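Biologist: Hi, can you walk me through this one? I'd like to start with the overall picture and then look at some helices.

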Amino acid sequence: MLEIKNLHARIAEDETEILRGIDLTVNAGEVHAIMGPNGSGKSTLSYILAGKDDYEVTEGEILFNGENMLDMEPDERAAAGMFLAFQYPIEIPGVATMEFLKTAMNAQRKARGEDTLSIPDFMKRVKEAAAHLNVSMDMLKRPLNVGFSGGEKKRAEILQMSLLEPKLCVLDETDSGLDIDALRIVSDGVNKLRGPDRAMVVITHYQRLLDHIVPDVVHVLSKGKIVKTGDKDLALELEKNGYADIINAAA
Amino acid sequence: MNANAPIRNTQAESDLIDRYDAAKSALAGSVAVSALRDSALGQIKDKGLPHRRVEEYKYSDLRAFMKSAAPLATAADSAAVKGVLEASETFGDLDRFKIVVANGSFVAELSDIDALAAEGVSVSNLADALSGDEGAQLLKSPKTGPNDGLVALNTAFVQGGVVVTVADGAEVSKPLELVQLATATGAQVVRNKITVGKSAKLRVLESFSGDTGYGEINTVFDYDVADNAHVAATRLITGKTESARLLTTIATLGAEAEFKSLGFIAGPQFVRNQQFINFTGENSEAKIYGVSMAGGRDLADQTLIVDHAVPHCNSREFFKTVLDGEARGVYQGRINVAPHAQKTDGEMMTQALLLSETAEMANKPELEIFADDVLCAHGATSGQIDEDLLFYLRARGIPEDEATTLLVLAFLSEAIEEYGEDDVTEGLEQRVRDWLAGH
């Protein structure tokens, strides 16, 4: 589903090099975790996948279901099935959450040549998904993410993910700012979306999230490169010993 | 520079001066009105049209914009008026009363005079009133800016308009649209005097339809809001036109009164929407809103002076501007607080969103406070669309133009929604979408 080959990237504004040759293949049905210390390039990788133009790819390629992802606009990537759950979901004053959800769902359907949703159909989907994630109708009436608590913002991200039914879900530190209960609700929401046709990339600092969302593969990112790949036990090992051993061994 | 040096008249000024004598014989007015017209023309002769060296017009140089002055529009044929009226799409199918002024003159047969009379609203022809004993009183406007050039131009050439009087206690059940339309090209100079009696309630819609060619529209709405009366006035200044739209509101508020207005600008090349709000009684409130959109090389100017001459009054000014291309936006807002106008609460905010690198916004909020126990605040911002917001929406599959529309609409809707006249909100928001799609 996702093939990243020798990806090098830098910050467009000051040309700071962040990614230094990433190779990563994620197949449909798999969940990959990417762990790594601060500044290793985890969030940059997620933004580049979503198409943020603050970064410049200097070498390498990204194939998404065989297509060159770097040629696609952010909205084209979303319509093709890419979804990024933001680490810091943005507050958008004046745009009601419901209006936003309807616009996004219909824009993606339109881009794929599907019919737009009827209002009752749309409402039914939203209500169902919201109930699972403990998102109140009151929250949905408010402007998008405005005045939402940290936990509410993360639940709203997963709500969007459930409704948009992406093929590739990239979760950027979805666990940050969550208490234990919220972490369980969010993880359950994510696990419900696991399936043979869908792939996930879970970016996190902590092993804690991976107790709930159990990964098939764990990668360690350091200084813009994947320095070690293993199964879920690698995350446990990191939790116990820290990053230093692995990073030093790789260097 | 010698301030007293006679000016060299521009083509437009010469046109106006040359045409005045002939025009005047056709214009209504008592001897006293005639004298007021002469004196107003004298001001145009001496000072010219408002231009950039006059502080109030620094950013909106009408003198430079008007290459020539069109003759006044001539009387309209009733069938033609009906045609333009039916074709106009001002406030959609909103249930409302209408008063029609065409080519500068009141059209009684197309106005809902009887229905309004049943609601306690009397409507008469301003041109008739100007010939009567009280005629001059109608043109002696209450306080405006210092010898405002547009009002002077209006006084010199005013063709007609309406005198609307709402009886004490009347709560008019539907909005009243003052429709100003053109069936032929030419300048329109109109004055409407709206008197709202004690404890009365009136919602007004002000609209302009039809093609005036290169003829400017100069209209003064003079509101007299009595004690405890409530007025909301929604002004729609739309449509592509190469001629100037010069609009003035004068509102004089008694005690415990409320005056709300929204000036909505989308389309014309040169718009000056100016308002002079005067508090004369205590415990009153004015809420003045503006929504401006301009593209190409157009100018949208919202100017106001709120005069707190008495204590215990509140005013809120909230203006939003969206500019594209090489358009220019102007906001000049001044809150005056007289020395004894204690406990005044004034809050002014102007915000602009620039969609291009070449658009320009002039924000000039001013407070002039002589009292020592007041709450007054002002703020001004100019910025671009937030790239992070845009990226977030696009990352959810919303294409860039649609995402921009969502964000611009969200930005402008803040003012439209705070204005709070719910039955016009949807229509105005649709106009924002249409403007974004087609400007």
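This is a predicted model: local features need pLDDT of at least 70, side-chain atom pairs count only at pLDDT 80 or more; totals for chains, interfaces and linings use all residues.

Biologist: How many helices and strands does chain B have?

Modeller: Chain B has 11 helices and 19 strands.

Biologist: Switching to chain A. Which residues of α7(A) are buried?

Modeller: A:L183, A:V186, A:S187, A:G189 and A:V190 are buried there. Seen down the helix axis, the buried residues of α7(A) fall within an arc of 155°, so they line one face.

Biologist: Why would residues three or four places apart point the same way?

Modeller: Because an α-helix has 3.6 residues a turn.

Biologist: What sits on the face of α7(A) turned away from its buried side?

Modeller: That face carries the exposed residues A:D181 and A:R184. On the buried side, the cover includes α4 (119-132), α6 (150-164), β7 (168-172) and α8 (208-212) of chain A.

Biologist: Next, α6(A). How many of its residues are buried?

Modeller: 12 of the 15 residues of α6(A) are buried, so this helix is largely enclosed by the rest of the structure. Among them are A:E152, A:K154, A:I158 and A:L163.

Biologist: What do the buried residues of α6(A) pack against?

Modeller: They pack against β6 (82-85), α3 (97-111), α4, α5 (137-141), β7 and α7 of chain A.

Biologist: What follows α6(A)?

Modeller: A:E165 does, and its phi is positive, near 45°. From first C-alpha to last, α6(A) reaches 21 Å, close to the 21 Å expected at 1.5 Å a residue.

Biologist: Last topic. How many residues of chain A are in contact with chain B?

Modeller: 19 residues of chain A are in contact with 16 residues of chain B. On the chain A side, α2 (74-79), α3 and α6 each supply at least two residues.

Biologist: Which helix gives the most to that side of chain A?

Modeller: α3(A), with five residues. The side of chain A that touches chain B divides into 13 nonpolar, four polar and two charged residues.

How values were computed. Residues are numbered from 1 along each chain as its sequence is written. Chains are lettered from A and ligands numbered from 1 in the order in which they are written. Helices (H or I, at least four residues) and strands (E, at least two) are DSSP runs, numbered from the N terminus. A residue is buried if 20 or more other C-beta atoms lie within 10 Å of its own, exposed if 12 or fewer, and partly exposed in between; C-beta atoms are placed from the backbone. The arc is that of the directions from the helix axis to the C-beta atoms. Two residues are in contact if their C-beta atoms, placed from the backbone, lie within 7 Å. The expected span of a helix is 1.5 Å times one less than its number of residues. Ala, Val, Leu, Ile, Met, Phe, Trp, Tyr, Cys and Pro count as nonpolar, Asp, Glu, Lys and Arg as charged, and the others, Gly among them, as polar.
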